[in-house]
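Here are my notes for you, as numbered points. Please keep the structure open while you read.

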Amino acid sequence: MSRLRQVLTPSRTHLFLLSSLIAACLPPFSGCAEEPPESAIPAGTLRERQFVRAQTTLPPLPLPLTVHVAIGIESIAHIDNSFAVLELYLSEVWSHPHFNPDPITLSGADVDMFSWLPDTYFILANDVKYYPDVQCIHFDGHNVTLDRKVRLVSSCTTRVWHFPFDSMRCKIILSSYGYGDSELLLSWAPGGGLTFPVQYESLSNLGFALAGVHHRTYSAQYGTVNFIVLEGSVYLRRIWVSYVLQGYVPATLLVALAWGVFWINPDLAGLPGRACMGTTTVLAMLTLCRRRQGSTSDNVSRSFSLLDTYLWGSFVFVTLCMVMFAIGDFLRPADTSTLAPADSIALIGGKERRGGLKRVTVDNRQVDRGIRIVFPITFLAFISIYSVYVAFFVMPDY
């Protein structure tokens, strides 16, 4: 019996072998795994590990924490009537009074090694894309700087009626998602919270020019919590020279061409020529108006605007020329060679007394002479009223 007990009772050697076998078969436990000696770790990785260890022993940050935000717009990739695609750099700086490591910079995916990052998000943005490979965090004394590249689809507003003398305002609104003003205070960085490149030629290719940038800070309440909101505005001014050359100048020339119909002598076989010229100007003006409405450019509004007012007003003047031409042709005197002398006097003489009354007749020549004077005066009055409205009511907001 004692021999069986000795066989069944494991010795210390057996227990050691059994535990070694079990440890070899089981996966290693990360919490108990031994780290390699520091001499075997690269210098950069060793500093990062020491940096991560240091964060776990820090006391909590004093509240409220102030984060200074700066936005540098790199480029504008696309502009539409209601939004613009912006490529920008978002920089956030805050102070950690209990943390004073040697200067160190983490980039790319290593940024996530830091224990806390601001939860900044963009309000009313159509789309936001962060680039994980284009980000870095830098530590220098107590200051922490986080830089990230962001692709932002920002909402824009414009006055459609003022086209092509309109301007566009694109907003960049950001705030903290979960921290109120009692825990986190956002503010624009001193010396330039929102900046845009001074020389940026690609913006003119989109048909706009930079009018200015502006930023402000205000507080907004959601539920029972107040949040600090940072709002930046980029003002873009439309370049209207191309629209003047492609819309206003052709319309003015077509109206002048329609007015030239009344200077053609109808007695020199000019009736077919006048009809042909008048019809051509009407069709050309109609084509110009329809081309404006059928524009395929994304940043050109298809709503009724100042440009449409001028084009359709010019179309009315061209159509009136055709109407007055038809009236003049209707009043054209008949061939007097087959008429009696007395009837010829009534048709050509213009004035005749019969029974003490004066009879006045109007022929096409009188209509032409009247249109030659009244038509340009009326059209110049239309241009003057239009120009005064644009200069005093539209351009101040441009």
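A disulfide here is a pair of cysteine sulfur atoms within 2.5 Å. This is a predicted model, in which local features need pLDDT of at least 70 and side-chain atom pairs count only at pLDDT 80 or more, while totals for chains, interfaces and linings use all residues. Residues are numbered from 1 along each chain as its sequence is written, and side-chain values use heavy atoms, with hydrogens and water left out.

1. The disulfide. How many disulfides does the structure hold? There is one, and it joins C156 to C170 with an S to S distance of 2.1 Å. The link of C156 and C170 is right-handed, with 105 degrees about the S-S bond. The two cysteines come from distant parts of the chain, C156 from strand β6 and C170 from strand β7, 14 residues apart; helices (H or I, at least four residues) and strands (E, at least two) are DSSP runs numbered from the N terminus. Both C156 and C170 are buried, where buried means under 20% relative accessible area, exposed over 50%, and partly exposed in between (1.4 Å probe, protein chains only).

2. Two other cysteines. C321 counts as buried because its relative accessibility is 4%. C136, at 25%, counts as partly exposed.

3. The overall picture. The secondary structure comes to nine helices and 13 strands. Of the 398 residues in the protein, 33% are buried. Taking contacts (heavy atoms within 4.5 Å) with a separation of 6 or more, 73% are between residues 24 or more positions apart. The accessible surface comes to about 23300 Å², and carbon and sulfur atoms hold 62% of that; the areas come from the Shrake-Rupley method with a 1.4 Å probe, and for residues only the protein chains shown count as cover.

4. The largest nonpolar core. A nonpolar core is a set of buried Ala, Val, Leu, Ile, Met, Phe, Trp, Tyr and Cys residues joined through side-chain atoms within 4.5 Å. Which of the 39 residues in the largest one touch the most other members? They are I71, I172, L174 and L236. Strands that each supply at least two residues of this core include β1 (65-79), β5 (127-140), β7 (167-176) and β11 (225-238). Strand β1 gives the most, with seven residues. Leaving aside residues up to four places away in sequence, L236 touches I76, M168, C170, L203 and F208, among others. Note that C170 also belongs to the disulfide with C156.

5. A second core. A separate core of 29 residues has Y243, M285, Y310 and I371 among its members.

6. The C-alpha atoms of I104 and H138 are separated by 5.9 Å, although the two residues are 34 apart along the chain.

7. A salt bridge is a side-chain nitrogen of Lys or Arg within 4 Å of a carboxyl oxygen of Asp or Glu. The whole structure has seven of them. In one, K149 pairs with E74, with the closest N and O atoms 3.4 Å apart. K149 lies in strand β6 and E74 in strand β1, so this pair ties together parts 75 residues apart in sequence. K149 counts as buried at 17% relative accessibility, whereas E74 is partly exposed at 33%. Another joins E92 to R148 (2.6 Å, N to O). Here E92 sits in strand β2 and R148 in strand β6, 56 residues apart. Buried or exposed? E92 is buried, with a relative accessible area of 0%, and R148 counts as buried at 13%.

8. D308 and R292 form one, the closest N and O atoms being 3.2 Å apart. D308 is in helix α7 (residues 306-330) and R292 in helix α6 (residues 271-293), so the pair ties together parts 16 residues apart in sequence. Both D308 and R292 are buried. R169, R216 and E231 are linked in a salt-bridge network.

9. A surface patch. W161, F304, V388, Y389, F392 and F393 make a nonpolar surface patch of about 650 Å². Patches are made of residues with over 30% relative accessible area and no salt bridge: like charges are joined within 9 Å, nonpolar side chains (Val, Leu, Ile, Met, Phe, Trp, Tyr) within 5 Å. F393 is found in helix α9 (residues 364-394), and F393 is exposed, with a relative accessible area of 55%.
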